[in-house]
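Reader: Hi, I'd like to go through this structure with you. Can we start with the sheet?

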Amino acid sequence: MKVILNDDVKHLGEKGDVKNVANGYARNYLFPRSLAVAYTKANVAYFESIKDEIAARKEQKRKDAASLKDKLEALDVELAVPAGANGKLYGAVTAQTIADFLAKNGFEIEKKRIDVQGVAIKSVGNYKASVHLYESQVAELKIVVKAQSDDAAKAAAAEVKSEEASAEAKAE
């Protein structure tokens, strides 16, 4: 069934896009939530009338993605992770770890938009990761993975214990 999207739909398209979808998907999901309308002459005419507005919205998204790309590429991602004497990490640095670091620094980026070379980083060193932004824009992150010092490891363990104790106190 041919539909015109009324709103941005994750993994399908953006407002104003014409898509072919399964009949059941359109009837049971898109139409009841007002995410799409049927492809008719009247609906096509309406979307043609607001084409400039849709184009301006897409252009704004491109500009936002470009500025976010510049900010991300200027950011130094330094992660201190517990590691053995030979530089091998006790855990791994994954896309989730990087997403958490970015969230602490004010960037809300989903972990599935972050591509780490390989699946995960498992040793100390310098790495690169890609962050997929809007359309074909990709930001390259420079990641420095360092071994966590013993003092920092003890402090992190103490912090985890204090958080667990406060969680237990709240539960009681």
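Author: A definition to begin with: two strands pair if DSSP finds at least two bridges between them. Keep in mind that this is a predicted model.

Reader: OK. In what order do the three strands of the open sheet come?

Author: The order is S2-S1-S3, with antiparallel pairing.

Reader: Which strands stand at the edges?

Author: Strands S2 (18-20) and S3 (36-38) do. Each has a single partner strand, so one side of each lacks a neighbour in the sheet. On average, neighbouring strands here are turned by 40° against each other, direction ignored.

Reader: How many bridges join S1 and S3?

Author: Three, in the antiparallel sense. S1 covers residues 2-5. Valine 3 stands opposite alanine 38 in S3. Helix H2 packs on this sheet and touches S1 and S3. The direction of H2 makes about 30° with that of S1.

Reader: New topic: helix H3. What span should its 24 residues have?

Author: They should span 34 Å, at 1.5 Å a residue. The end C-alpha atoms are 35 Å apart, which agrees.

Reader: Which residues in H3 are buried?

Author: Ile54, Ala65 and Leu72. The buried residues of H3 pack against helices H2 (41-49) and H4 (95-104), and against strands S8 and S9 (138-147).

Reader: Now serine 130. Where is its place?

Author: Serine 130 is in strand S8, residues 125-132.

Reader: Why does it count as buried?

Author: Because its relative accessibility is 18%, and buried means under 20%.

Reader: What does its side chain join in a polar contact?

Author: The side chain of glutamate 140, at 3.1 Å. Serine 130 also touches other residues, including Arg113, Ile114 and Val138.

Key
Residues are numbered from 1 along each chain as its sequence is written. This is a predicted model: local features need pLDDT of at least 70, side-chain atom pairs count only at pLDDT 80 or more; totals for chains, interfaces and linings use all residues. Side-chain values use heavy atoms; hydrogens and water are left out. Helices (H or I, at least four residues) and strands (E, at least two) are DSSP runs, numbered from the N terminus. Buried means under 20% relative accessible area, exposed over 50%, partly exposed in between (1.4 Å probe, protein chains only). A polar contact is a pair of N or O atoms within 3.5 Å; within protein, one must be able to donate a hydrogen and the other to accept it, and residues adjacent in sequence count only if both atoms are side-chain atoms. Contact means heavy atoms within 4.5 Å. The expected span of a helix is 1.5 Å times one less than its number of residues. Axes are lines fitted to C-alpha atoms, for helices over the stretch in contact, and angles run from 0 to 180 degrees between N-to-C directions. Lists of a residue's contacts leave out its neighbours within four places in sequence.
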